[in-house]
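This report describes how one protein chain packs.

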Amino acid sequence: MPPSNIYHQILDNLKTAILLVEPNLTVSYINPAAEALLAVSDQRIHGEAITKLFHEQEDTLVKLLDAINNCEAYTKRETVLTLRSGTEITVDYAVTPVTENRRTSLIIELQPLDRLIRISREEGLLSSQQNSQALIRGIAHEVKNPLGGLRGAAQLLARELTDPKLHDYTNIIIEEADRLRNLVDTMLGPHKAPEKKKTNIHEVLERVRQLVEAESNGDIRIIRDYDPSIPDILGDREQLIQAFLNVIRNAQQALRQDSPSDRDPTIIIRTRTLRQLTIGTHRHRLVCSVDIADNGPGIPAKLRASIFLPMVSGRAEGTGLGLSIAQSILNQHNGLIECSSEPGNTVFSLHIPLEQDS
């Protein structure tokens, strides 16, 4: 039951992805929006079983046959569909039976959610980072003021002491006050606004790679997968080196923490350009994306939502500041760090817009 000419024109101009499925569950029509979403042409999929277009974890065919036989519409929310290419997309979809001449076909409407989910996740990351920074600034103010008084009092006390042995105690007070002040300063992240200049991202990454390779003594293999066509970005070279170094060191430490004998500890540094990428609420025409991937044990599920917060670490000896500082630096470059992790494949994606407000 393919659409007539007038309806065909209407469907072709809709932004919603529409599929028409015959009673035998073959596809008789998909509109251009569906072609773009499902990465297939109407001509190529015409007459093919819908299972060749996509499938999901649940038995799609049973639900579709029930909709045809019982003439009952249904809707599914946040469903993950696996396309014929292997790509996964998240959609809401509605199935509506249409009967003509005692013959029931199905109209399937697909609403993609990946971009909305991404925007929501990024807004959450940015909001969490801003809230944590505001909290840290408040704590820093409350901690540094009494620390200054404590240090000053210890210095005055040291001048009054005649026994040199007692100076050891005042020195401890002064040193610990300085250590706490430095810790608070580190939690606050970069002390100055980035001095943005045209910077070659691969020069930054090569500098970081050299530092990490020197630290690892050849125990960890580093693979470079660079796109040489990426233009210079506008950024603070030293701050970017710090951000990438923090992320790669995090991967390095994860590999050292758990490296089975049958695993070749590997870090992959991959650069690409992405088009029309939304970071927070701003859509950028062109973005430099750097993936730092490792084949380590992965990040525990309970930590994944909070790894960019200060003082959160999966290691007993970790400070939990490296990723927080890296995220803060990327935020100052209008960018963002995202993470996906499973055992054997953890990927930190650092996105920096190629067009920026200076």
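In this predicted model, helix α8 passes α9 in a left-handed crossing. The angle between the two helices is about 145 degrees, and their axes lie 9 Å apart. On the α8 side the contact is formed by Gln 239, Leu 240, Gln 242, Ala 243, Asn 246, Val 247 and Asn 250. On the α9 side it is formed by Gly 322, Leu 323, Ile 325, Ala 326, Ile 329, Leu 330 and Gln 332. By class, these residues comprise 8 nonpolar, 6 polar and no charged.

Asn 246 belongs to α8. Is Asn 246 buried or exposed? Asn 246 counts as buried because its relative accessibility is 12%, and the cut-off for buried is under 20%. Beyond its neighbours within four places in sequence, Asn 246 is in contact with Gly 322, Ile 325 and Ala 326.

The largest nonpolar core contains 39 residues. Phe 244, Ile 267, Ile 292 and Phe 348 have the most contacts inside this core. Two or more residues each come from α7 (201-216), α8 (237-257), β10 (266-279), β11 (282-294), α9 (322-332) and β13 (345-353). Helix α8 gives the largest share, 9 residues. In soluble globular proteins, nonpolar side chains tend to be buried together.

With residues up to four places away in sequence not counted, Ile 267 touches Ile 220, Arg 221, Ile 222, Ile 223, Ile 248, Ala 251, Gln 252, Leu 255, Ile 292, Ala 293 and Asp 294.

How many disulfides does a search of the whole structure find? The search finds 0 disulfides. Cys 71 is partly exposed, whereas Cys 288 is buried.

Two residues other than glycine have a positive phi. For Ala 39, phi is near 55 degrees, and this residue is found in the loop between α2 (32-38) and α3 (42-45). For Asn 334, phi is about 60 degrees, and this residue lies in the loop between α9 and β12 (336-342).

| Residue | Relative accessibility | Class |
|---|---|---|
| Cys 71 | 45% | partly exposed |
| Cys 288 | 0% | buried |
| Ala 39 | 58% | exposed |
| Asn 334 | 32% | partly exposed |

Conventions:
Residues numbered from 1 in each chain as written. Predicted model: local features only at pLDDT ≥ 70, side-chain atom pairs only at ≥ 80, totals over all residues. Heavy atoms only, no water. Core = buried A, V, L, I, M, F, W, Y, C linked by side-chain atoms within 4.5 Å. Buried < 20%, exposed > 50% of the residue type's maximum accessible area, 1.4 Å probe, protein only. Helix = DSSP H or I, 4+ residues; strand = E, 2+ residues; numbered from the N terminus. Contact = heavy atoms within 4.5 Å. Axes fitted to C-alpha atoms, helices over the stretch in contact; angles between N-to-C directions. Left-handed = near helix turned anticlockwise from the far one by under 90°. Nonpolar A, V, L, I, M, F, W, Y, C, P; charged D, E, K, R; others polar. Disulfide = S-S within 2.5 Å.
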